[in-house]
Each structure stands twice: as structure tokens, then as C-alpha cells.
Amino acid sequence: MVDEEGPVDDRLAQELAATLTQAQDALPAADPGAIGTIRRRYRRKRRQRAGLASLAVAVLVLAVTLTGAELTRGVPPAPPADEGARGTIRVWAITQPGTEPALRKLVNRYNRSAGVDVDLTTFGNEEYKEKLREVGSPDGPDVFASWGGAKLTRLASEGRLVDLTPLRDEPGVGGRFLPSALAGGVVDGRQYGIPMGGTQPVVLFYHKGVFAEAGVRPPGSYAELLSLVETFKARKVTPISLGGAQGWTELMWVMYLAERIGGPSTTADIVAGRPGAWSKPAVAQALREARALAERGAFGADFASTSYDDGTASGLLASGRAAMQLMGTWEYPTQLARNPDFVAGGDLGFVPFPTVSGGVGDPADLVGVPTNYFSVVAGGRHSAAAVEFVRAVASDDYLDALVADGEVPPVADAADRLRGTEHAAFATSVHELVTRAPSYGLAWDQALEPATATALVDNLRRLFQAELSPEQFAAAMAETG
């Protein structure tokens, strides 16, 4: 058998001789006799043309083996890829700008001691909802924070997350967190999210100085809140700051009103997608009350263009231009970062959401974010290192750093950690609200599937701007399934 370059056997012989020469050059301490033996064996076999192919394979394997053995003599075996050369773990989290010191400290500590670097990127609320669509893509994260809910359930059910149940079962990890906090990271009995942030119920913040000047007290009932709206309007103060440029801020009003009127089953029906859930009397009344607040000027004239994510809404409260704001308890560290004098001066107060006359909901029930969770994306190059990073959220250093930031970690010994700290008064009050709450529902926009949640916040903006009636809102949401 020949080709244009000559007999195949001759070409193989030439290539083999070149390979042997290269192998010999790579063996500075090799025994020359070994190579000579190989050459003589080869020359004898070359005359046996029928066996040439098998000889070539054998000699090449031997040459490579000798070369590799000599070159790696004294060098330790290469570690697995996950523990080897320094790489990078991409971590995504949702935090308000300037309010992630504890997480930054955790990353810095990890990077000083681990063989893999952590690259942390944080996002605002609305942006993050869109970014989460990239989880599992080449541009996505290795570790990401979430609120739990439908997004976490779907990713876990699709096999795209690492099962963290073994980590949860370690006494030093799962044993530290409240069962209610761990429950939000469970899908089909397995743990896919580990609590990584403070518990964040929604409460009614108010400016103590503004209230004192008006000679009024914070509301205990919804009727009292409506009366305060008129009081502050008469004083040329926006009664309630609302970052209506983001629809999730408006959702807080509808959620709490629906819960106070109809009880926790109202939220349960919506999250479960039960037929008629959006048309239940409690939801219909909540929609009417929320729209009526906007129409009577409770949120001021410019709420639809006011942003929460850029700090404008919080600034209205801090400056005294607004009297109240319904927001998650992340507002406290946000104000610490953006308006520290407001907090230091003792003017930031809060009360639970008011009761609603005739409602069946327990006044102690809460809605908001029981906690945020870290999950690990399956198939990452450094998945074992990523799990180790997640384990660190149960460390004393990290939990104490959360407390120092004004957050309330959802751990069994929170009261002891909070005692005597700089923000003990606020944090202890939040902890007491959480421990007393008969029900603590996850915010609807996090509990629902992403497409439904997007429709929800879009329709809420239209409702609050009088572009949809409560009935049209309910019909539009029913169409989303």
C-alpha cells in the first residue's frame, strides 16, 4: 500500500524513529541501553512488515511512559480540577447598594485562605430578577442568592442545582438556623438553599420627628392610617413614600391588605394558582383599598416616577418630606448606609402593619422575605469549593457581621447575638415579631413563577396609576394562569 509520499511502512518507520529520538532527548537520566534495546527490537520487527502497526503502538506507549515517568519524578500527583490551580467562583447576590459589608467581609476572608477566588457581584431588586434567568448559562453564576419560591423550585426540579442536604445535616450548619428559615430552601424534601441573610419582614417605617411635630402617633389600625394621610397632606408632607417606579413596592400594600382581610389562605391560594384566587373577596377589597390610597394622594403626586432602588424613596422619609414608608426591614441597613444621621438621631421608627376592621387575619402575621438563600449551580468547575463558600454563611464571624450591619440572622441564638450590639433595639424588635408570627408568608413576586411575577408587578403599576380597575387587574392576573 503506497501513497504519493512513498510506502506507508517507510513513512511510519521514519516517524517512529523521530518519536524515539524526541523521547530520548526528554530523558536526561534514562538508561541508554533501554533505548538501544528498543531500536534493535524495532529494526528486527521492521523486516516483519505484517506486524509493523502493532509494534509502532507498543513502542510509542513505552516511550511516552518512560518520558512521563522521568519528567514527573519527584513531582506530587496533580490534584483534581476542583482543588487544583486557582480559579474563580462567580457569586451573585441581591443587596441594596452599600448594604453588603457582611458579605464582602465573608468574600475577603474566603479569598485569603482558599485556593479559589470568589468574585462577588450584587444587584438591585428589579435587575436581579432578570439576571436570574442566566442561572445555568455559561455567563451565569456558580453560587447565587434567591428568595426561595418558584424560581428555586424550578431550578432544583430541573437538576440544575447541587443538593445541599448533606451540608444542611451538619450540626454546625443546619442546626444553627430556625426550621422556618431552612424550610424555604427545601424542594421535594431536599435542601437546595442555605440561609445567607437576615430575616426581612415588611413593616411600616415612620419618621418620629415628623410625627412629633404633627402631634400624632403611628397607626394601629387601617382607619387610623387613613386619618394620618389627611393630617400629613394638610401639613404639606407626603403621607407615605412609595418608590412606584418599581411595582414590587406597591405589591406590599396589596399583600398586607389581603392578608389582614382574608388571612394566610389568601396568599396560599394565589401561590398555589388555585382557580379564582385573584377574584377572592379579600383580594378584591385589597385592590380597591390600595388604589384608593393612590387616588387620595397618600403617596404624593410623583410616586410613579420615584425609585426605591436608587435611594430616592428612602431619602424622602429620612429628610422628613414623607412621614411613612411600607418596606422590608432591609430599609434599616439601607438608611444606615445612605442616611446615617437619620438613624443615629433616633428618628427612624417602625410598627407592624395595621389591623383592618372586619378582617380575619391575625394582626401578628407577617409577609416579606423570611430570608435569602445561597444555592450552588450543578456542573461548575469548582463546585466543591463553592459548597465550602456556602458553608461559611453559618460561621460565627459571618452571623455576627450580619448583626453589625443591623440585620437579624434567622438563627436559634439570635437573641443572644443581638444583646448589647449597636443596633440591638431595632434588631431585637424584629426578632420578636418573627418569633411571635403565626404565619410568615413569602412575598408574592418571589413565590410565583417568574412570568407570573413579571405580570403581577406590571399590572400593579397600572392599577396604582388608574390604568386598570381592580376587576381588570384580577382578570389580567387570572389569564396568566
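**Confidence, pocket, cavity**

Reply: The chain has a mean pLDDT (the predictor's confidence in each residue, from 0 to 100) of 83, and 81% of its residues reach 70 or more. Residues 1-85 have pLDDT below 50. This is a predicted model: local features need pLDDT of at least 70, side-chain atom pairs 80 or more, while totals for chains, interfaces and linings use all residues. Residues are numbered from 1 along each chain as its sequence is written, and side-chain values use heavy atoms, without hydrogens and water.

Me: How much space lies in the largest pocket?

Reply: On a 1 Å grid over the protein atoms alone, a pocket is an open set of points with protein on both sides within 12 Å along at least five of seven lines; a cavity is a set where a 1.4 Å probe fits but cannot get out; lining residues have an atom within 4 Å of a point. Points join across faces, edges and corners, and volume is the space filled by probe spheres set on them. The largest pocket holds about 350 Å³.

Me: Which residues lie nearest the centre of the largest pocket?

Reply: Its lining has 21 residues. Nearest the centre are Ser 180, Ala 183, Gly 184, Pro 370 and Tyr 373.

Me: How much space lies in the largest cavity?

Reply: The structure holds four cavities of 30 Å³ or more. The largest cavity has 23 lining residues, with Ile 94, Thr 95, Gln 200, Asn 372 and Glu 407 nearest its centre. Its space is about 320 Å³.

Key
Contact means heavy atoms within 4.5 Å.
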